Amino acid sequence: MTRKIDDTTRYERLRERYMNGDLDRRSFLGLFGAAGAAYGLVTPYRAFAQSVSQVRFDGWGGVVSEALRANAFDPFTAKTGIEVVDGTFGGGDEYISRVKASQPGEYNIAHLSGVFDYARYHGLGLTTKLNEERIPNLQYVIPKLVDVFRDITDGSLSCVPYDYGTTGLAYNRKYISDEEMQEKGAKILIDEAHKGKIGGWSDWRTRMWYASLQTGQDPNGVTDEEACWDAVRAHRDLALKYWGSGAELMSLLAEEEIHVTEGWSGRIYALQEQGHDIGYMDPPNGFGWQECMFVIKGSPLEACEELLNFMLDPATSIAVAEGQSYPPALDPQKVDLGEKIPTLPAFDPTGTLSGLTFADPDYWNGHEAAWSKTFGRVQKGY
Amino acid sequence: MSVEAREARQPWILLAPAISAVTLLLLVPLIFIVVYSFWLRTATGADQVGFYLDNWQEALTDRFYRDILFSTLRIAAITTIVCALMGYPAAYFIARSRGNKVILLLLLMLPFWISYIIRTMSWINILGVSGALNTLLMSVGIIGEPLNMLYNETTVILGLVHFLLPFMVLNVFVSLDGIDTNLEDAANSLGATKWQSFIQVTLPLSLPGLAAGGLLCFVLGAGTYITPLVLGGPRDAMFANLVFEAIITQLNWPLGSALSLMLLVVLGALVMIYNRYLGMAQLMKGLG
């Protein structure tokens, strides 16, 4: 019978031979170096060969990650034995950079926002093809949310839609009334009366989207680009701070550093639940978005599909949605979503999402290189 | 092998781990960055391999980058001066204290036990609208409305001073600690006042430490990006923030590489000038 020996034993035997004088120093160091080189070369491809004991998930952190951990990942691990290791990111741009620098299989599932992000990953060759037969719970998802992804990846899917929400206007009712918000809408972010108490996300898409609204243009088809940049500059000059994460957004509003900003619907709902008198309003053509659970090329597909199916199970999906305060992608015409979800901001009881305006991926990705660069300059006073 | 040959090889054997680490963790990535700086970013965000000078042309000729670079050097210079003014008396006090020197040095090192980001963010709780300082000023009736003290260039400098002050104090302390106190006594016995003996004896002898601390504060301050990100307003970005944005936000690794090399060359030139006139020995003492 042959006995398998581990690497430590191999090293000890080699070292013993060297110490006994059976092996000269050059051979010892050569063999040792070759072993190190072999390990280094093989490491990037280990993901393909190893048995799947864990899957890496990256998301937005804060209450969103907590909701996923408690309601999806821990129960999934208990059921399957597959551990879900979760990391966080501050934004899609930051994350795509990390994925680009990684080895295949290092990152597995990401909580991406917007169809434009999905299209960017596809453009970089990072999409894969999911076996939908292994994700039967996909049948409960709002068809409109699925179709937009299929259009990008030629009918197949590299993700499953998971939730949706809006980036609307959040305001402190102690300083700004509901009437003032209704009257000024998106233009309140460039209102001199609130100078030094205005915030905004340091995301070029959001800045340009709201600049479109402030200049009376279609966010998915700006005709006067320079007017938009002027609006972005006006906002910059009145703003106290660009926030970079959901936690920072909540902190700035809760500490009353700022009185008005655009904000993510779920995070504002969380603030309201904490007892802060923060109002939330989606202006006409407000920024709607849908989030998906995206599987990155090189990931262990079967384990990922199993996790996605588990996450889309109505009981799991509803629990996560209630925890993170974003409506789930489940179709309310097919699934009873309970009592809390219909009260969440941006919730659409019809399941058609006709009341929300989403970013056109072709339009926004077409401007991504130029506008992200220009915003970097405008942001710094140019 | 002869004894001489073995002795000649010994330093290289001892240096091998350090040289390997520097080569693998610094030189090789640096070569990658140099190569990247000549590539291009395509519309999808993928890199176009080749030899293009576009990034360098943009980095060197665009006024935007030059302005932010000068602004960064200005902020780093102000920070260094503030650190020197605040750090020298503290270092002098520690160097001349008897008995409790170790405790004072330990207290100086204490902030390093806490994450730099946490230390930077702590200013939000101190200077914020509902922070400790505003609450105190309002409770004693000095102000009626909270003051806006955060998210401007002053708070960026404040955060940098908070981060860099220990480096200055340590370098000056090492220098002062090495000065024979008999020299001051000799100056006093020859009729110099305490102030004169400090100005004419102690200060000149401690200048190498001050310069070493200044160099460290300047280089570290000019290369930071967390502090302006956390404590700065919309216009308070520093050069490292441009590198971050190019690489992370714009997914333009080639341009980000060119910008990072530009900053490296500027700061490297300062280190070279320092080395030319003062030598690195003092810096090593301070770091040690």
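**Close-up views of a predicted model**

**View 1. Helix 9 of chain A crosses helix 10 of chain A at roughly 105 degrees.** The axes of helix 9 (residues 204-214) and helix 10 (residues 225-238) of chain A come within 8 Å. Axes are lines fitted to C-alpha atoms, for helices over the stretch in contact, and angles run from 0 to 180 degrees between N-to-C directions. Helices (H or I, at least four residues) and strands (E, at least two) are DSSP runs, numbered from the N terminus. The two helices of chain A are therefore roughly perpendicular to each other. Angles of 65 to 115 degrees count as roughly perpendicular, under 35 as roughly parallel, over 145 as roughly antiparallel and the rest as oblique. The model is predicted: local features need pLDDT of at least 70, side-chain atom pairs count only at pLDDT 80 or more, and totals for chains, interfaces and linings use all residues. Residues are numbered from 1 along each chain as its sequence is written, and chains are lettered from A and ligands numbered from 1 in the order in which they are written.

**View 2. Residues of helix 9 meet residues of helix 10 in chain A.** Helix 9 brings Arg207(A), Met208(A), Ala211(A), Ser212(A) and Gln214(A). Helix 10 brings Cys228(A), Ala231(A) and Val232(A). Contact requires C-beta atoms, placed from the backbone, within 7 Å. The contact residues divide into five nonpolar, two polar and one charged. Ala, Val, Leu, Ile, Met, Phe, Trp, Tyr, Cys and Pro count as nonpolar, Asp, Glu, Lys and Arg as charged, and the others, Gly among them, as polar.

**View 3. Chain A touches chain B.** Here 25 residues of chain A are in contact with 22 residues of chain B. Helix 15 of chain A gives the most to the chain A side, with six residues. That side divides into seven nonpolar, seven polar and 11 charged residues.

**View 4. Domain 1 of chain A meets domain 2 of chain A.** The domain assignment, automatic or from a database, gives domain 1 (51-164 + 289-361) and domain 2 (165-288). Their C-alpha centres lie 26 Å apart. In contact are 19 residues of domain 1 and 21 residues of domain 2. The domain 1 side divides into 11 nonpolar, six polar and two charged residues.

**View 5. Phe294(A) and its contacts.** Not counting residues up to four places away in sequence, Phe294(A) touches Ile109(A), Ala110(A), Leu112(A), Tyr118(A), Tyr121(A), Ser158(A) and Cys159(A).

Terms used. Contact = placed C-beta atoms within 7 Å.
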